Amino acid sequence: MSITIQFPDGNSQQYDSQTTSAQIAESISGGLARVAVAAVLNGCQIDLSTPIEDGEHTLRILTPRDPESLEVLRHTAAHIMAQAVRNLYGDKVQYTIGPALTDDFQYGFYYDFDLPESVSADDFGKIEAEMKKIAKSKTPLERIELTPAEAKQQMTELGQSYKVEMIDDLIASEEGVETVSFYRQGDFVDMCRGPHLPNTGKLKAFKLLTLAGAYWRGDEKNKTLTRIYGTAFFDKKELAEHLDRIAEAKKRDHRILGKQLGLFALSDDVGPGLPLWMPKGTIIRMELEGWLRGQLLKRGYQAVMTPHIGKLDLYRTSGHYPYYEHGLFPTLPMGEDEGYLLKPMNCPHHIQIYKAAQRSYRELPVRLSEFGTVYRFEKSGDLNGLTRVRGFTQDDAHIFCSPEQLEAEIASCVELTKLVLDTLGLDQYRVRIGLRDPDSSKYTGKSENWDLAEQNIRNVVRDVGLEYTEEPGEAAFYGPKIDFVINDCIGREWQLGTIQVDYNLPERFGLEYIGSDNTPHRPIMIHRAPLGSPERFIGILIEHFAGAFPLWLAPVQVAVLPVSEKCADYAAEQTRILKNNGIRVELDDSPEKIGAKIRRATLDKVPYMLILGQKEADANTVAVRHRTEGDFGEVDITEFISEINAEIETKGSQCVANRVQEQEDR
RNA sequence: GCCGACGUAGCUCAACGGUAGAGCACAGCUUUCGUAAAGCUGAGGUUGUGAGUUCGAUUCUCACCGUCGGCCCCA
């Protein structure tokens, strides 16, 4: 008997029974055998040392060039780290899981341990040293397969209770299992699916990055394990580049830039998670909100305003209370009354506005919009700059419409959200459809309504041609939603825009409109927020632009920099002209040298600087300098104003830098 | 909330069991300057808060508050 192997190039080759992919690689070339990491047999990843069964197969040898190889490398790195931790902290260490991560911006792998003593990041040096020792030994990794009963017995003997639990789960799983695989490297054995590197010596570039707590199985009722994150690459240069990338990304952090640029502040005295908008940050918000208000008017929204608190009972009706009690600020007591809540959502208030008048089918859809500030008691450990706060605003609106109107309205919300992202150049987002988790009881309303709403959403995203993923369990408690999810500077995901279809709150609140048949009908609601929240959105925006906002959003659009006090009057006059033309301008009349003024304005990321000296005063011109493009030369102030106005109005698609570039090209 | 780390001047950071220092920023003076940092002088701190150990704590211990990284959660 023999095996027939078909290679990716289409060629086939016969081998003896039980040949391994390592041997096959060797038969192709010694070079391939040296760099081989693992193999893919009939689409499944296997170890190089796995003997191949008789028959016809396709086989691909993985080398560091293949993307899958990184996963194998990092997975083995996690095992080597586990062995290092065992060597240092002894046999009382309990092992749980240690997966490779290939999509994460920072981390390449982690391992969760239950440790007999506490470990801190200061210990990384000695763990890394131990890992280096293990790598240097070039110990082969050997796969061992046991029956579940044998595996369980061994793990029980070794006191590895988490592994015992995992084996029990494997046994109880629907498919059942015939074997449980382990990997041995020297005297260290860990239960693992594999595949792994052929030996530990291939791990040459790695670094431990962070230490964190993590609940066993992600359940906060369980014990907190110690998670160590690290990363690994095939060569040291890639690792160094990766670490540079992380360091570079961290410079965009909105919490650092927000402080440096004076955009917002958080004060211990006011309270955690309650951002304060400083004058320059407020400009960004007002510009963004003003633009969005204009878009809403065009789309037939009506602006409303509602108070920050409401009776507790309102939220019982909506279902927010007591379901979300853990996420609410405590009730404000009110004598005989049940008390009031700081509103965690605007929808109950908007619903009352809908209810405050009799509604006819002729006036649907009713689109009520409000930049409504809400308060949610986020857990202290969850707070994060502007991206996770306790007091924030939603660019909220609730659309009340008929079933016939619903999908067009959803589509319009998608269009608006995309317009917002496109206008700001946020093109790296993903779309998530949050569905209810069929096994959970946290959702309100009838199953038929949920099915309908989920179908409405699918219809729209398909029509619009959005790429999306469906994620059960991500729905709001009253309805499924379309979320626009964006990464921050270190790769964490944040939900910005959201569109939620809701058949349930109209029912809970008994909403109606009179149809053309002169009988009452129930409207459907859409909850939507294209920014999500200006706080979070601007937090992400700060990182997206690295603080260098486009002209229309820039807190200071033009810095006027007189070369010396001799031209102070001319500079003041030009400043006044710009101000009168609605430009946000700052005059730097400090007794600094021009280089220092330029430096200051550049660090403040002011888009345009006007350098004004005797020459410009004599010629009645301004010398324009761009924060990144440098000197643009002299121009008449009226021409400068019309150019930057064009850049402001077109949100940057037409800008002075382009004009100058064109001139240079000519 | 949980695990871990951190908290010193407005900011970034240093130092130390004997009550703290630099750079930038700030103020005053000098300089009036041409495309990313002029010079001098000065002011600025109950070392997050509270307790404990100690002759003495900012330093060591504990608690609390806050921040950061994860976990859980996210209407």
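**Cavities, pocket and RNA surface of the predicted model**

The largest cavity has a volume of about 110 Å³, where a cavity is a set of points, on a 1 Å grid over the protein atoms alone, at which a 1.4 Å probe fits but cannot get out, and where a volume is the space filled by probe spheres set on grid points that are joined across faces, edges and corners. The structure is a predicted model, in which local features need pLDDT of at least 70 and side-chain atom pairs count only at pLDDT 80 or more, while totals for chains, interfaces and linings use all residues. Residues are numbered from 1 along each chain as its sequence is written, chains are lettered from A and ligands numbered from 1 in the order in which they are written, and side-chain values use heavy atoms, with hydrogens and water left out.

The lining of the largest cavity, where a lining residue has an atom within 4 Å of a point, includes Leu 261, Leu 263, Lys 280, Phe 549 and Asp 604. By class, this lining holds six nonpolar, one polar and three charged residues; Ala, Val, Leu, Ile, Met, Phe, Trp, Tyr, Cys and Pro count as nonpolar, Asp, Glu, Lys and Arg as charged, and the others, Gly among them, as polar.

In total, three cavities of 30 Å³ or more are found in the structure. The second largest cavity has a volume of about 40 Å³, and among the residues that line it are Asp 47, Leu 48, Arg 143, Tyr 183 and His 196. Five nonpolar, two polar and two charged residues make up this lining. The domain assignment of chain A, with bounds that come from an automatic or database assignment, gives domain 1 (2-62), domain 2 (67-248), domain 3 (264-544) and domain 4 (558-665). Because domain 1 and domain 2 both give residues to its lining, the second largest cavity lies between them. The centres of domain 3 and domain 4, taken over C-alpha atoms, are separated by 41 Å.

A pocket, in contrast to a cavity, is an open set of points with protein on both sides within 12 Å along at least five of seven lines. The second largest pocket contains about 720 Å³ of space, and of the 28 residues that line it, Ser 181, Met 191, Cys 192, Arg 193 and Gly 194 lie nearest its centre. Among the elements that each supply at least two residues of this lining are helix 3 (67-89) and strand 9 (180-185), helices (H or I, at least four residues) and strands (E, at least two) being DSSP runs numbered from the N terminus.

Around RNA strand B there are 63 residues, of which Tyr 215, Lys 379, Ser 380, Arg 388 and Glu 616 come nearest; a residue is near the strand if one of its heavy atoms lies within 4 Å of it. Helix 18 gives the most to this surface, with eight residues. The surface near RNA strand B comprises 24 nonpolar, 17 polar and 22 charged residues. Of the atoms of RNA strand B within 4 Å of the protein, 50% belong to sugar or phosphate and the rest to bases. A polar side-chain atom of Glu 616 lies 2.5 Å from a base nitrogen of RNA strand B, whereas an N or O atom in the side chain of Thr 224 is 2.6 Å from a sugar or linking oxygen of RNA strand B.

Terms used: A polar contact is a pair of N or O atoms within 3.5 Å; within protein, one must be able to donate a hydrogen and the other to accept it, and residues adjacent in sequence count only if both atoms are side-chain atoms.
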